[in-house]
Amino acid sequence: EDPRRSVDDYLCEVDRLLAPTGVFVCVSHGKPEARLDKLHTTDVTRDDFLAWNVDVVAVPKSSAASDVADVGDVYYVYICRKTPDLDRRKDDARRRRDRAVETKAKRRQLTARHRRRR
């Protein structure tokens, strides 16, 4: 299985299970430019849209903050806060998408019936 797809599926499941005001915290050594493309989607029409805002905090790996020599010496804490507004927008987009699929399926059925009658 494609690991990127597994990450998308995992995050979508976290988003699905979180309460409308829930918080998901992820600690990673991965830099924000490598993680935010998965954790923060802005297109509500995408299947992998996540209804949360993300804050990033860098935490030193060492207990002494003065020991931080470069960006490799930190962990990144991604704080994903779900918001009712984004959650509602996501649900609305999903309902519109589902209705469009149903309409398309009904049209196909009608077309198939029409062809059989000829």
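A: Lys90 is buried, because its relative accessible area is 7% (buried is under 20%, exposed over 50%, partly exposed in between, with a 1.4 Å probe and protein chains only). The model is predicted: local features need pLDDT of at least 70, side-chain atom pairs 80 or more, while totals for chains, interfaces and linings use all residues. Numbering starts at 1 along each chain as its sequence is written, and side-chain values use heavy atoms, without hydrogens or water.

Start with the place of this lysine. Lys90 sits in helix H3 (helices are DSSP runs of H or I, at least four residues, and strands runs of E, at least two, numbered from the N terminus). Contacts come next. Leaving out residues up to four places away in sequence, Lys90 touches Asp15, Val44, Phe49 and Ala51 (heavy atoms within 4.5 Å).

H3 covers residues 84–117, and at 1.5 Å a residue its 34 residues should span 50 Å (1.5 Å times one less than the number of residues). The buried residues of H3 are Leu86, Asp87, Lys90 and Ala93. Among the elements that cover these buried residues are helix H1 (3–17), S2 and S3.

Take H1 first. Arg16 belongs to H1.

Next, the strands. S2 and S3 belong to an open sheet of 3 strands. The order is S1-S3-S2, and the pairing is antiparallel (a pair needs at least two DSSP bridges). Strand S1 (23–28) and strand S2 (52–60) are the edges, and each pairs on one side only.

S3 runs over residues 74–82. It is largely enclosed by the rest of the structure, because 7 of its 9 residues are buried. S3 pairs with S1 over 6 bridges, in the antiparallel sense. Within that pairing, Val25 has Ile79 of S3 as its bridge partner. Ser28 stands opposite Tyr76 in S3. With S2, S3 forms 9 bridges, again in the antiparallel sense. Here the bridge partner of Asn53 is Arg81 in S3.

Lys61 is found in the loop between S2 and S3. Setting aside neighbours within four places in sequence, Lys61 contacts Gly72, Asp73, Val74 and Tyr75. Tyr76, the residue opposite Ser28, is 15 residues from Lys61 in sequence. In space, the C-alpha atoms of Lys61 and Tyr76 are 9.7 Å apart.

Back to the starting point, then. Lys90 is one of the buried residues of H3, and H1, S2 and S3 are among the elements that cover those residues.
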